[in-house]
Amino acid sequence: MEQTSGARMTRRALLGTAAAGLAVSGCSSRTGQGSEKTRAANPPDPQTVLLISLIAAKEQMIALYQRAALSDARRATTLEQFRQRHVAHLAALRKLLPRDAAPSPSPSPSVASGSPSQASGSAVSVGRLRDAERRAAAERPAQTAGVSPALAQLLAGIGACEAVHVVALGRLRD
């Protein structure tokens with residue numbers, strides 16, 4: 001019995017369609033071997049590198065505030081408010097980090113102090129916090145160049161917050 005309804009698809013047309021589908025979907029006879037080499041040869045995304053750096057810097061700033069609070073119990077409550085804003089910045093930065101990016105290691109106490117030669121138990125003054133905030137805020141405008149609008153906006157907000165911290169910390173006496 002022969003079917004006469006509708007159009008017929010020839011074997012040649014079927015094979016052509018299948019080949020086109022494979023080409024569009026990017027399938028190959030190698031199962032992922034080439035893609036691994038390609039990924040390894042590609043340089044890391046500059047925005048991801050910047051995010052990893054920003055996250056590490058925020059972790060260091062948070063550790064600096066923790067040390068400052070421990071060194072001056074009477075200011076601990078005030079400094080905790082500043083630290084919490086940095087914790088919020090850190091969370092926002094981590095949300096923008098691609099899932100496949102290498103996580104940043106937590107800073108060691110000596111690195112978090114800003115100088116590897118300083119002992120982890122040394123006191124952190126309000127002046128030192130103010131200087132760290134000033135340096136961080138000054139870096140933000142240059143960091144917005146060439147990044148996504150979402151990251152640029154976040155960096156602008158973080159920089160504004162850090163600039164306000166400089167002024168607020170200036171009102172505290174060492």
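The legends below describe close-up views of a predicted model.

**Figure 1. Overall fold of the chain.** The chain holds 7 helices and 0 strands. In sequence order the pattern reads α-α-α-α-α-α-α. Of its 174 residues, 29% count as buried. Take the contacts between residues at least 6 apart in sequence: 83% of them join residues at least 24 apart.

**Figure 2. The largest nonpolar core.** In soluble globular proteins, nonpolar side chains tend to be buried together. Here the largest nonpolar core has 14 residues. Leu-50, Leu-93 and Leu-151 touch the most other members. Helices H3 (46-71), H4 (76-96) and H7 (149-171) each supply at least two residues of this core. H3 gives the largest share, 5 residues. A second, separate core has 12 residues. Its members include Met-61, Leu-79, Phe-82 and Ala-132.

**Figure 3. Surroundings of Leu-50.** Leu-50 is one of the residues that touch the most other members of the largest nonpolar core. Set aside its neighbours within four places in sequence. Leu-50 is then in contact with Gln-143, Val-147, Leu-151 and Leu-155. Leu-151 from this list is likewise among the residues touching the most other core members.

**Figure 4. Packing of H3 against H7.** Two packed helices are described by the angle between their axes and the distance between the axes. For H3 and H7 the angle is about 25° and the axes lie 13 Å apart. The two helices are therefore roughly parallel to each other, since angles under 35 degrees count as such. Their crossing is left-handed. H3 contributes Gln-47, Leu-50, Leu-51, Leu-54, Lys-58 and Tyr-65 to the contact. H7 contributes Leu-151, Leu-155, Ile-158, Glu-162, His-165 and Leu-169. By class, the H3 and H7 contact divides into 8 nonpolar, 2 polar and 2 charged residues.

**Figure 5. Packing of H6 against H7.** The axes of H6 (residues 126-143) and H7 come within 8 Å and cross at roughly 155°. That makes H6 roughly antiparallel to H7, because the cut-off for this class is over 145 degrees. H6 passes H7 in a left-handed crossing. On the H6 side, the contact is made by Val-126, Leu-129, Arg-130, Glu-133, Arg-134, Ala-136, Ala-137, Arg-140 and Gln-143. On the H7 side, the residues are Leu-155, Ile-158, Gly-159, Glu-162, Ala-163, His-165, Val-166, Leu-169 and Gly-170. The H6 and H7 contact has 9 nonpolar, 4 polar and 5 charged residues.

Figure 6. Ser-125 sits in the loop between helix H5 (109-112) and H6. Its relative accessibility is 36%, so Ser-125 counts as partly exposed. Tyr-65 is 60 residues away along the chain. The C-alpha atoms of Ser-125 and Tyr-65 are separated by 9.6 Å. Tyr-65 is also one of the H3 residues in the contact with H7.

**Figure 7. Thr-144 in the loop between H6 and H7.** Thr-144 is found in the loop that links H6 and H7. With a relative accessible area of 26%, Thr-144 is partly exposed. Leaving aside neighbours within four places in sequence, Thr-144 is in contact with Ala-152 and Leu-155. Thr-144 and Leu-155 are 11 residues apart along the chain, and 6.6 Å separates their C-alpha atoms. Leu-155 is also in contact with Leu-50.

Key. Residues are numbered from 1 along each chain as its sequence is written. This is a predicted model: local features need pLDDT of at least 70, side-chain atom pairs count only at pLDDT 80 or more; totals for chains, interfaces and linings use all residues. Side-chain values use heavy atoms; hydrogens and water are left out. A nonpolar core is a set of buried Ala, Val, Leu, Ile, Met, Phe, Trp, Tyr and Cys residues joined through side-chain atoms within 4.5 Å. Buried means under 20% relative accessible area, exposed over 50%, partly exposed in between (1.4 Å probe, protein chains only). Helices (H or I, at least four residues) and strands (E, at least two) are DSSP runs, numbered from the N terminus. Contact means heavy atoms within 4.5 Å. Axes are lines fitted to C-alpha atoms, for helices over the stretch in contact, and angles run from 0 to 180 degrees between N-to-C directions. Angles under 35 degrees count as roughly parallel, over 145 as roughly antiparallel, 65 to 115 as roughly perpendicular and the rest as oblique. A crossing is left-handed if the near helix is turned anticlockwise from the far one by less than a right angle, and right-handed if clockwise. Ala, Val, Leu, Ile, Met, Phe, Trp, Tyr, Cys and Pro count as nonpolar, Asp, Glu, Lys and Arg as charged, and the others, Gly among them, as polar.
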